[in-house]
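Open the model in your viewer and keep the sequence panel beside it. This tour goes from stop to stop, saying what to select and what is there.

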Amino acid sequence: MVTKEIQTGVFVHVLPTKQFATTHIAVNFTQQLNRQILNGRVLASNMLETASAKYSSQTKFAQALSEMTGAAFGTEVFKVGQLHTVRLQLNLVHERFTTAGSHILNDGFDFLNEVINRPIGDEIAGFASVIFNRQKEMALDEVAGLREDKPYYALREALQAYFGASDQALPAFGTIDGLEATTAQRAWQAWQDSVAHDRIDIVVVGDVDFNKVIAATNQFNFAPRQQLLQATYHQDLLPQVKQVKSQDEVTQARLVLGYSLTSNSDERFIANVFNGLFGGLAISRLFLNIRESAGLVYGISSDYNPYTGLLLVEAGVDQINLAITITKINEELQHLQQTLVSEEELAIVKQLLKTSYTMTLDQPLYLADRLYNQQVLHQELTDEAWLAKIDAVTAAQVQAFAQRAVLQLQYEMVGGDINGD
């Protein structure tokens with residue numbers, strides 16, 4: 001992998017490989033999570049995926065992609081701790097599979113330049129109103145529709161309860177109130193602000209020449225920017241466990257337990273192994289002991305976020321089994337805190353984590369995502385080193401890590417009367 005800072009705060013990362021028949025380009029715009037601009041960035045990303053000044057309708061937009069031998073383009077927004085990113089992704093067939101004289105890589109960067117620097121609209125009115133209003137309505141429908149995804153909705157409610165008024169509670173794709181309040185002009189300004197001030201990481205994975213990529217990116221003409229990013233979010237321990245019980249139209253109750261579990265960057269591999277043992281894998285203790293052996297839940301898993309220091313356990317459970325399930329989950333955590341895991345169990349978990357990692361190495365999207373994370377979070381590591389770090393984790397390290405977990409949140413979503421009647 002080769003990296004060049006083509007302008008202050010603007011980076012190009014190229015991973016040359018002959019492994020794929022495609023070239024994957026991801027352009028990432030990253031800033032600190034900001035309530036005032038987040039919803040505008042979301043709607044701007046939707047607009048960028050739909051039209052531009054040159055490609056002024058969805059038909060013209062699709063035709064431009066078709067002319068690049070069926071290129072695929074899309075945008076997404078996501079969070080990494082306290083960071084919010086708008087990502088544009090373009091997947092191109094490699095030039096050796098196109099007609100003679102084709103310059104599809106340059107065509108791809110020309111297309112991206114049009115989308116980024118010449119969106120459809122103007123400084124006065126903002127994004128073109130007809131298209132913007134349609135995209136805004138679709139975004140609102142999508143967010144409202146998530147209300148029917150009970151596992152997801154329960155998780156969002158739990159995170160809102162835990163993080164409270166902090167911006168960290170915001171979902172990456174915005175809120176209904178925030179989206180409704182965002183005008184075409186505000187979304188336009190949010191995008192102009194992002195282009196002018198965000199850290200930008202252009203990631204290219206494929207059989208490409210580094211110098212040709214750098215030459216192709218010069219047309220973006222990005223201005224220098226200073227963006228000091230901090231992904232890690234810290235929240236002080238609550239004086240007591242926050243207990244929330246909500247009522248909804250569910251046939252099975254949803255349970256979310258949240259534990260404060262702070263870590264530093266040197267402990268991320270210990271955290272991976274711990275989470276795999278606890279509830280992150282299909283052979284984890286939560287899955288085998290609470291779902292398979294005890295039959296208390298329909299599904300159960302854990303997830304650890306090192307950037308917020310929050311360990312979450314989610315489960316679908318019959319309402320009458322909520323209390324015993326909570327007890328059993330805490331008992332499984334206590335076992336990891338009090339007793340060293342066997343070398344056999346540790347080895348199995350490590351092997352599954354390594355296999356999962358290795359399987360992503362033949363997917364350009366995952367490679368581009370990993371490259372971006374390593375650069376923005378300053379965690380550069382070769383694949384061999386990553387696997388070796390997992391192998392090096394000891395049972396004593398897992399136990400010491402588990403001992404730092406402190407229960408902070410107990411969220412229950414139940415059906416019928418909220419008091420259980």
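**Stop 1: a loop residue.** Select N221. N221 sits in the loop between α8 (210–217) and β9 (242–247). This is a predicted model, so treat every value on this tour as computed from it. Check the backbone of N221: its phi is positive, about 55°, although N221 is not a glycine. Most residues other than glycine have a negative phi. Is N221 buried or exposed? N221 counts as exposed, because its relative accessibility is 67% and the cut-off for exposed is over 50%.

**Stop 2: the whole chain.** Zoom out and show the cartoon. The chain's secondary structure comes to 15 helices and 13 strands. Its C-alpha atoms fill a box of roughly 65 × 50 × 35 Å along the principal axes. For 421 residues, a compact globule would have a radius of gyration near 22 Å; the chain has 23 Å, so the two agree.

Now colour by burial. Of the 421 residues in the chain, 51% are buried. Switch to the surface. The chain exposes about 19,100 Å², and carbon and sulfur atoms supply 50% of that area. Colour by charge next. There are 31 positive and 47 negative side chains, and the centres of the two sets lie 3 Å apart. Then turn to contacts. Among those with a separation of 6 or more, 81% join residues 24 or more positions apart.

**Stop 3: helix α1.** Select residues 35–48. This is helix α1, with 14 residues. From first C-alpha to last, α1 reaches 21 Å, close to the 20 Å expected at 1.5 Å a residue. How many residues of α1 are buried? The count is 12 of the 14, so α1 is largely enclosed by the rest of the structure. Pick out some of the buried ones, including I37, L38, N39, G40 and R41. M47 and L48 are also among them.

**Stop 4: A154 in helix α5.** Select residues 150–163 for helix α5, then pick A154 within it. A154 counts as buried, because its relative accessibility is 0%. A154 and L255 are 101 residues apart in sequence, yet their C-alpha atoms are 7.8 Å apart in space. Which residues is A154 in contact with, leaving aside its neighbours within four places in sequence? Show R254, V256, Y411 and M413.

**Stop 5: helix α13.** Select residues 364–376. Colour its buried residues: P364, L367, A368, R370, L371, Y372, Q374, Q375 and V376.

Stay in α13 and centre on Q374. Q374 counts as buried, because its relative accessibility is 14% and the cut-off for buried is under 20%. Leaving aside its neighbours within four places in sequence, Q374 is in contact with Q379, E380 and L381.

**Stop 6: past the end of α13.** Move along to H378, in the loop between α13 and α14 (383–392). H378 follows α13 and has a positive phi, near 55°. Yet H378 is not a glycine. Is H378 buried or exposed? H378 is exposed, because its relative accessible area is 66%.

To finish, show N221 and H378 together. N221 has a positive phi of about 55°, and H378 has a positive phi of about 55° too.

Conventions:
Residues are numbered from 1 along each chain as its sequence is written. This is a predicted model: local features need pLDDT of at least 70, side-chain atom pairs count only at pLDDT 80 or more; totals for chains, interfaces and linings use all residues. Side-chain values use heavy atoms; hydrogens and water are left out. Helices (H or I, at least four residues) and strands (E, at least two) are DSSP runs, numbered from the N terminus. The radius of gyration is taken over C-alpha atoms; the globule rule is 2.2 Å times the number of residues to the power 0.38. Buried means under 20% relative accessible area, exposed over 50%, partly exposed in between (1.4 Å probe, protein chains only). Contact means heavy atoms within 4.5 Å. Accessible areas come from the Shrake-Rupley method with a 1.4 Å probe; for residues, only the protein chains shown count as cover. Lys and Arg count as positive and Asp and Glu as negative; His and the chain ends are not counted. The place of a charge is taken as NZ of Lys, CZ of Arg, CG of Asp or CD of Glu. The expected span of a helix is 1.5 Å times one less than its number of residues.
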